[in-house]
Amino acid sequence: MAVRKLRLLHAELSLYEKILPLTAFIGRGDYHTINVEIVLRDDGRKLVYFGDNGHGMDAKGIHAAMRYGAPARENPESLGKFGLGLKTASSSVCLKYTLISRKASNQELEKLAWDLEHVADEGVWAMLREPITADEREMFDELCGAKGTLVIWEKCDRILTKEYEPGGAKEMAAIGRLADSLAKHLSLVFHRFLDKADERERDINIVINGNPIEPWNPFYPARSEQVLPEKKQIIEVELLDGSVETARIRAWILPHRNDMTKEEEKTHARIANRAQGFYVYREGRLIQDGGWMEVFGVPEPHYSLLRIEFDFGHELDDAFRIDVKKSRILFHPELAEGLHTLLQPIYREAGQRYRRKNREHANSHGIDHTSANKNIADTNNAQKPQVTSVDPATQSAVIANNQGPKITIKLAIQSHVSIDTVFVDAVEDITTGELWQPALRSAGDSGHMPAVLLNKHHDFYQKIYQRAAANGYAVEGMDLLLWAFAVAEQNNTNEELEPIFEDIRTEISNNLRKLLRKVPDPEPDELNGDEAD
C-alpha cells in the first residue's frame, strides 16, 4: 500500500540526510543547545532522541510541524522550506516518530506521533494523540529543560545498515560508529553555527551522547590562502521578475600535504580528491561539499587543494533549483559558464602549486641510476667517439668520430663528478626543455667519457621515470636507451650536423611532453613504493 511506497522512497536518503530534524530545530529561532541521544536497549530496541532548548511549540505548531507539506514558514530564512524534512528523515529510519514540545515551563507538554504500522493496519493517514509517558517527560527535562522541542525515533529498523545480534557487543559497537560518523558530519554541515568566532550565524551547541561537537571548517583559514579578490566575491543573479539578488563566493587554496604534519592534515585539512570543488551554503548550512558541478571536469588529484565557498540565501532557491532535500543545487548554464571564467585562473594556479610540490617531493627521493652507470662502465665495445681534448671554458671538445679525426663539438664538459654517475645523471639545470643532452664527464680532471644528462623537470622524467623508480630494470633500460642516443649523436655529428641533432632532441622532447599531458604526476604512494601520506 501507500505506506510501503513511502518507505521505499525514503530509504534512498543517506545516513547524513537523516539528521534533518536538526535543520528543523535550527530554523526555529533563538536557543543554545541541541542534544542527540542514540540509545540501544538490552533487548536490541534502538531509540534516538533530538532535544533543543529553543522557543518550543504549542499544539497548533506541533500539528503544523508534523503535517506532510506544512504551510509556508513565518521566517523565510529558516533552514526548513518544504515542510517535509522532519517527516521524510524520520520515516526513512524508524516506523514511529514522536514530537513533544512546549513554549514555557508553566505550560503542559504537547505531543503528536506518526506510527507507520498503525497507518498500514488502519489504512488511514492519521497522527496519534497518545499520553506522555514518564520516560518521555524525563528525557524532555534532560535534553530540553524548561521549554523546547523533543523528537523521538522508535522502532528504528533502518538506523544500521547490517543486522546484528540484538543488544550484543557488535551492535553496540556499530551504534558507537554511527554516533562518531554523525558527529563528524555535523561538525562540517553546521560549522558556522558551532564556531563561536564565526559571526555570520547564530551560535548553537550540538551534543551527541554527551559529547559536544567541535566545528570543522573545510577551508582551514588558519593556513589556507583566500585567492579571489574582494571585488569579485559578489555574484549578482537576476530573477524572473527582474529583481536582483546576490550570492557570495570565495576561493581557498589549502597547503600541500608535504607542508603539513600528518596530524594537521588529518585533523584540519583532510586533503582528498573528493573534497575539492564547491562547498555550497544555504542560509549558513552546508548543503553540498565537494564536486565541480559541471563548472570544471571530474575531480583530479592535481586540484585537490582548491575549495570554493559559495553562499546564497532563500531568495535564490528557485534560481538555483534547490531540491526538496535541500541537499544540492543546480547552476544555470550561463552561471556555470561565468563561474568557469571567474575561477579558471585560480583553478590553474591550484593545479600548478600541487604539481610543483609533488615534483619537489619526488625529486627529493631521487632515482638510482647506478645500475646503468655500472653496466656502461663494464661494456668496453660500445661504439663511441674518442675524446682528444676538452675545453671547460668554452664547453667544447675535439673528438674523433664517424665524421673524421678532428671534429670540434659544443656540449657540456663536466669534471670531478661522482664516479657512480659518470655516464648517466639527472640534473636540474637543463633549461631548453629537452629530455636529455649529450655530455663529456670525468670523475677527475681528465679522461672525459661520453655521457647523457637527464632533465629532472621534463614530464617524461617526472611521470615515467618516477613511477618506474621502484623497478630497477625499467630505470636501467631507459637510462641505457638515452645514453645510446646521446653517444650516437656524439659519434655522428660535426659542426654542420650539430643543429640538426639538437632539433631532433627538441622535437622528440616536445612530442613526449604532449603525449604525457593527460598522464597525471605520480602520487606520493607511487614513489619508490612509499606508503601514502
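1. Ile-504 lies in helix H14, which covers residues 498–515. The model is a predicted one. With a relative accessibility of 43%, Ile-504 is classed as partly exposed, because that class takes in values between the 20% limit for buried and the 50% limit for exposed.

2. Ile-504 is also a member of a nonpolar surface patch, together with Ile-500 and Ile-508. The accessible area of these three residues together is about 240 Å².

3. Strand E9 spans residues 234–238, and its side chains alternate. Ile-235 and Val-237 are directed to one face and are buried.

4. E9 is joined by five bridges to strand E10 (residues 244–253), and the two run antiparallel. Glu-238 has Val-244 of E10 as its bridge partner. The two strands make a hairpin with five residues between E9 and E10. In the turn, Gly-242 has a positive phi of about 95 degrees.

5. A further region is an open sheet of three strands in the order E14-E15-E16, with antiparallel pairing. Strand E14 (386–391) and strand E16 (404–410) are the edge strands, each pairing on one side only. From one strand to the next, the twist averages 20 degrees.

6. Within this sheet, strand E15 (residues 396–401) pairs with E16 over five bridges in the antiparallel sense. Val-398 is positioned opposite Thr-408 of E16.

Technical notes:
Residues numbered from 1 in each chain as written. Predicted model: local features only at pLDDT ≥ 70, side-chain atom pairs only at ≥ 80, totals over all residues. Heavy atoms only, no water. Patch = residues over 30% accessible without salt bridge, like charges linked within 9 Å, V, L, I, M, F, W, Y side chains within 5 Å. Areas by Shrake-Rupley, 256 points an atom, 1.4 Å probe, with all protein chains shown as cover. Salt bridge = Lys/Arg side-chain N within 4 Å of Asp/Glu carboxyl O. Helix = DSSP H or I, 4+ residues; strand = E, 2+ residues; numbered from the N terminus. Buried < 20%, exposed > 50% of the residue type's maximum accessible area, 1.4 Å probe, protein only. Pairing = 2+ DSSP bridges. Axes fitted to C-alpha atoms, helices over the stretch in contact; angles between N-to-C directions.
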